[in-house]
Amino acid sequence: MSDTFLSPQEIEELTGVKIGKTVGGKKRTREELQIEWLRASGIPFWPNARGRPIVARAAIEGRKAAEVSAAEPKKKWQPATLSLVG
């Protein structure tokens with residue numbers, strides 16, 4: 001598995017959901033319950049084609065690069081001719 005995304009085992013550990021269950025007569029899959037927990041917790045994810053939640057490792061680790069880029073405002077682009085005036 002890659003370092004970019006959490007493994008299925010790590011998602012199970014994070015959410016605490018390892019198997020599906022029947023709730024109110026309706027069968028819910030493990031993936032549906034994991035997605036519900038991730039949404040309620042505010043953790044960003046993408047469902048893949050199989051319906052499995054894909055979580056970026058950076059979303060839960062808080063990478064330094066993401067903090068730095070968010071803290072420093074970007075400079076507005078200005079054409080070189082205008083920056084010489086004044």
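The model is predicted, with local features requiring pLDDT of at least 70 and side-chain atom pairs counted only at pLDDT 80 or more, while totals for chains, interfaces and linings use all residues. Residues are numbered from 1 along each chain as its sequence is written, and side-chain values use heavy atoms, with hydrogens and water left out.

The protein has five helices and four strands, taken as DSSP runs numbered from the N terminus (helices H or I, at least four residues; strands E, at least two). Their order from the N terminus is α-β-β-α-β-β-α-α-α. Of the 86 residues, 23% count as buried, where buried means under 20% relative accessible area, exposed over 50% and partly exposed in between (1.4 Å probe, protein chains only). Among contacts (heavy atoms within 4.5 Å) with a separation of 6 or more, 31% are accounted for by residues 24 or more positions apart.

The axes of helix 1 (residues 8–15) and helix 2 (residues 30–41) come within 10 Å and cross at roughly 55°; axes are lines fitted to C-alpha atoms, for helices over the stretch in contact, and angles run from 0 to 180 degrees between N-to-C directions. I11, E12, L14 and T15 of helix 1 meet R30, Q34, W37 and L38 of helix 2. By class, this contact has four nonpolar, two polar and two charged residues, with Ala, Val, Leu, Ile, Met, Phe, Trp, Tyr, Cys and Pro counted as nonpolar, Asp, Glu, Lys and Arg as charged, and the others, Gly among them, as polar.

I11 also belongs to the largest nonpolar core, whose seven residues are L6, I11, I35, L38, I43, F45 and V55; such a core is a set of buried Ala, Val, Leu, Ile, Met, Phe, Trp, Tyr and Cys residues joined through side-chain atoms within 4.5 Å. Beyond its neighbours within four places in sequence, I11 is in contact with L6, G16, Q34, R52, P53 and V55.

E12, in helix 1, counts as buried at 16% relative accessibility. With neighbours within four places left aside, E12 is in contact with V17, K18, R30 and Q34. K18 lies in the loop between helix 1 and strand 1 (21–23) and is exposed, with a relative accessible area of 52%. Residues up to four places away excluded, K18 touches E12 and R30. The C-alpha atoms of K18 and L33, 15 residues apart along the chain, are separated by 9.2 Å.
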